[in-house]
Amino acid sequence: MGAQARAVIPFSRPYRAAATLERLKFVVESDHAHGDGPFTAAASAKLRALTGGDVLLTTSGTHALEMASRLVDLGPGDEVVLPTFTFSSAAAAVAMTGASIVFIDVEGPSGNLDVSQVADAVGPNTRAISVMHYGGQPVDMSAVMSIAAERGLAVIEDNAHGLGVMSEYGPLGRIGDVGVQSFHDTKNVHAGEGGALLVNRERDLLRAEVMREKGTNRSEFLRGEVDKYSWVDWGSSYLPSEYCAAVLDAQLDAFDQIQSHRHRTWERYAEGLAEWAGRVGVELMEPAGGIHAAHLFYLLVPDWNDQSDLIRTLRAADVVAAFHYVPLDSSLAGRRFGRSLHPLARAEDLSHRLVRLPLWAGMTDDEIDRVIDAVTRWTPTKENR
Ligand SMILES: Cc1ncc(COP(=O)(O)O)c(C=O)c1O
């Protein structure tokens, strides 16, 4: 027998919660597989306890962002200030309403938006500021909220990376007017596909329920508050089936285990790579105040051509690493639906230098050591010359 092939270490692996199959079986055997059944109620209650406010489960984070754009009443002629270094969905949800985007830069290695650029980007047509906490590292929300209050703007908080993170400004996702979570299977807690809308203004709750139920007041009908339901407002079908809610419910029961395992892996990377990084001129992710969601661990290589070199080298060692966002202002749709006041050079630089390492709950010590070993064998390209 030859030597056993070494397994590839994937970039991400969906968490397998112990209770998943048992809860799915319950749904299969019940007569309630469509949305808003017992597992939707149970998972929503757990999210409410974790984040401290009203929650509506959705079919994806993208759909929650679409609902958020409607809840803050975006429409043609409006503008939204939005970081260029984020996922396309935040911008697509704005464009869908007919509003346009003013992109701003990142502050630096955190990947979060540069709050000092927000005020300049606000003009007479600005209606909202959209923020995203990169890797669950809190954006300076006191600065964002004070500009928003001064200029009468709404704040949308994309917290897809930061479920359950407590910041000095409050729980992430709960600080702005409306928050968003994603339960895509690359996220710390997942439902295959899924999301949640964090409703932070009491007056939005009924409207959000209607939007999620095809524009009808069916939720009120199910609570016995009206005799019949009918079409009352703009809406779509944004509620997940009970299959997805059952998977999510099982994940939420394991939230503490998931987080402690991910944080442990994150710490091992930080410790295991520190000496090498200092020696070869690589920057490691360094969250301010140590606050982050252990959603991702990244490093910043010195030169743009190092990024693909490192990813290729790791792949040859059976370790899958990944770059991240291509700045939205430089994308085809970003140029069509938005603009920036000046070149967003820091985001462009970050995008070309950032490499994310494998991180999921369930990585073994051996797998973590293999990643550290493969990374520390690499040296930036300039040093190779
Ligand atoms: C920051 C951010 N916002 C929004 C989304 C969209 O979430 P979903 O995939 O659940 O639609 C993602 C990616 O999944 C994301 O990373």
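This briefing covers the domains, the nonpolar core and the ligand shell of the structure above. It is a predicted model: local features need pLDDT of at least 70, side-chain atom pairs count only at pLDDT 80 or more, and totals for chains, interfaces and linings use all residues. Residues are numbered from 1 along each chain as its sequence is written.

**Domains**
- The chain is assigned domain 1 (20-254) and domain 2 (256-321 + 357-384), with bounds that come from an automatic or database domain assignment.
- Their contact takes 15 residues from domain 1 and 14 residues from domain 2, where contact puts C-beta atoms, placed from the backbone, within 7 Å.
- The C-alpha centres of domain 1 and domain 2 lie 30 Å apart.

**Nonpolar core**
- In the largest nonpolar core, with 107 residues, Ala68, Ala128, Ile129, Val155 and Leu197 touch the most other members.
- Such a core joins buried Ala, Val, Leu, Ile, Met, Phe, Trp, Tyr and Cys residues through C-beta atoms within 7 Å; buried means that 20 or more other C-beta atoms lie within 10 Å of a residue's own, with C-beta atoms placed from the backbone.
- Helix α9 (residues 242-253) gives the most to this core, seven residues; helices are DSSP runs (H or I, at least four residues), numbered from the N terminus.
- Leaving out residues up to four places away in sequence, Leu197 touches Leu56, Thr58, Ala64, Met67, Ala68, Val178, Val180 and Ala208.

**Ligand shell**
- Around the ligand sit 14 residues, the closest being Ser60, Gly61, Thr62, Ala160 and Ser182; the test is a C-beta atom, placed from the backbone, within 6 Å.
- At least two shell residues come from each of α3 (61-71) and α4 (88-95).

Methods. Buried ≥ 20, exposed ≤ 12 C-beta atoms within 10 Å, placed from the backbone. Contact = placed C-beta atoms within 7 Å.
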